[in-house]
Amino acid sequence: MPSQNSSANDASPSAQAGPARGVVPAGMTGLVLTAGGARGAYQAGVMRRISEIPALRKGPSPFRIIAGASAGAINGAALACYNASFHEGAERLAQLWSQLTVRDVFRIDSLALARTATKATLDMALGGLIGGGRLEGLVDTAPLRAFLGRHLPMAQIGEAIARGDLYALAITAAGYHSGKAFTFIQGQPGHPLWNKSRRVALAATLKLEHVLASSAIPIVFPPVALAASGATAYFGDGALRLTAPLSPAIRLGAERIFAIGVRCQESADSLLRSELSSAPDLVAQLKRPPLSQICGVFLNAVFLDHLDADLDHLKRMNDLVAHYHQALSAAQASGGGSTLKEPMRVVEPLVISPSADIAIIAKTLAHRMPRTIRYVMDGLGTPDAQSADLTSYLLFDKAFTSELIQLGYRDAAQRIDQIEDFLCAPQPARRLA
């Protein structure tokens, strides 16, 4: 039996709280958009190319379910807002990222940085005497709220749901009090809800604050207050506690999942080979990591590692579920067998990830980071080029994001036939037991 926290078990409708029984919309395809700070521009490029598929170009989004966290919450909300025209929504999303600057995300003026430094100094040096807690985050993200407010007409999400084009939009944020992953869902009446050991789903009318909370990079961005079941609590980046990023889409009923990662697997494998190798030239490259490199690995653990692990687990569980159904059919044919208390289904995944190392791209464009931010980051030390992940998360610059949009577009173009077959192939209706 799968564990209660596995994505494969999320295919079990009876495990879900809320009115999950009955007829589920036929063959729903879910879109899962993962975290990654500035790396989220890659997802916009992938969406732009997919929206050019002739069968999809003039209609609504093919994704009835959209689930996002962190930068993926921004992208998911944008696609849901412009759900009526998939091509227009993808174009608007790409334009959003291609216009983005650091000044659109957080304040970098001397006064703002001086205030942050003063709060940090008081907390660290005198907090024991006069009390701490003045510093909420390393940067002031007021500009991001204004920027997203101009680009995300959140009221249109409800309109897409009312038309029936969108089944649900799920945005995940991490609760800073309970430590759980809270998934806020705006969807059609009767959509599933759940309350598991580490994950909670709440029905909500999604607002800009939900997107801001989900994309609040821990420590760097301040927490965001949200209403949760009548109380006000504080939340941060959705990837912080969402160890199974495929889970919300599966629980909402997706039978196919298209997920977009932001990590180059070839690069990750190369770094692993360097650590395991005894070759003198590779060993010489492994120097003591500076603090900037350690911060990058920390953000990798938050943003990048969960999708790969969850996908591996889903594939294993798909194999087990398929074998179980075969054995059950054979047993029932001979007059025996029984069904599971929590019936499960096979969920077909398709994942696309960068073909190039985003950290290397960020390293070549690091000079475009504002001088004040570069000064602070230089104080943390110079990481290996391939390990320069910290820069790749914070380089909100249109030269960098445009490069990532182009990379995503090219990677989707390389697999466009496979993607088209995946998204356009019909699926039969399904009735839950």
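**Close-up views of a predicted model**

**View 1. Helices α3 and α4.** In this predicted model, the axes of helix α3 (residues 71-81) and helix α4 (residues 86-99) come within 9 Å and cross at roughly 140°, where axes are lines fitted to C-alpha atoms, for helices over the stretch in contact, and angles run from 0 to 180 degrees between N-to-C directions. That angle makes α3 oblique to α4, since angles under 35 degrees count as roughly parallel, over 145 as roughly antiparallel, 65 to 115 as roughly perpendicular and the rest as oblique. The crossing of α3 and α4 is right-handed; a crossing has this hand if the near helix is turned clockwise from the far one by less than a right angle, and is left-handed if anticlockwise. On the α3 side the contact (heavy atoms within 4.5 Å) involves Ala71, Asn75, Ala78 and Leu79, and on the α4 side Gly89, Ala90, Leu93 and Trp97. Sorted by class, the contact of α3 with α4 has 6 nonpolar, 2 polar and no charged residues, with Ala, Val, Leu, Ile, Met, Phe, Trp, Tyr, Cys and Pro counted as nonpolar, Asp, Glu, Lys and Arg as charged, and the others, Gly among them, as polar.

Residues are numbered from 1 along each chain as its sequence is written, and side-chain values use heavy atoms, with hydrogens and water left out. Because the model is predicted, local features need pLDDT of at least 70 and side-chain atom pairs count only at pLDDT 80 or more, whereas totals for chains, interfaces and linings use all residues.

**View 2. Helices α1 and α4.** Helix α1 (residues 41-50) packs against α4 at an angle of about 150°, with the two axes 8 Å apart, which makes α1 roughly antiparallel to α4. The crossing of α1 and α4 is left-handed. From α1, Ala41, Ala44, Met47, Arg48 and Ile50 meet Phe86, Ala90, Glu91, Leu93, Ala94 and Trp97 of α4, and by class this contact has 9 nonpolar, no polar and 2 charged residues. Helix α1 is mostly covered, with 9 of its 10 residues buried (under 20% relative accessible area, while exposed is over 50% and partly exposed lies in between, with a 1.4 Å probe and protein chains only). Among the buried residues of α1 are Tyr42, Gln43 and Arg49.

**View 3. Ala173 in strand β4.** Ala173 belongs to strand β4 (residues 168-175), where helices (H or I, at least four residues) and strands (E, at least two) are DSSP runs numbered from the N terminus. Ala173 counts as buried because its relative accessibility is 0%. Leaving aside residues up to four places away in sequence, Ala173 touches several others, including Lys180, Phe182, Phe184, Ala213 and Phe235. Ala173 and His210 are 37 residues apart in sequence, and their C-alpha atoms are 7.6 Å apart in space.

View 4. Most residues other than glycine have a negative phi. Ser70 counts as buried at 1% relative accessibility, whereas Ile219 is exposed, with a relative accessible area of 57%.
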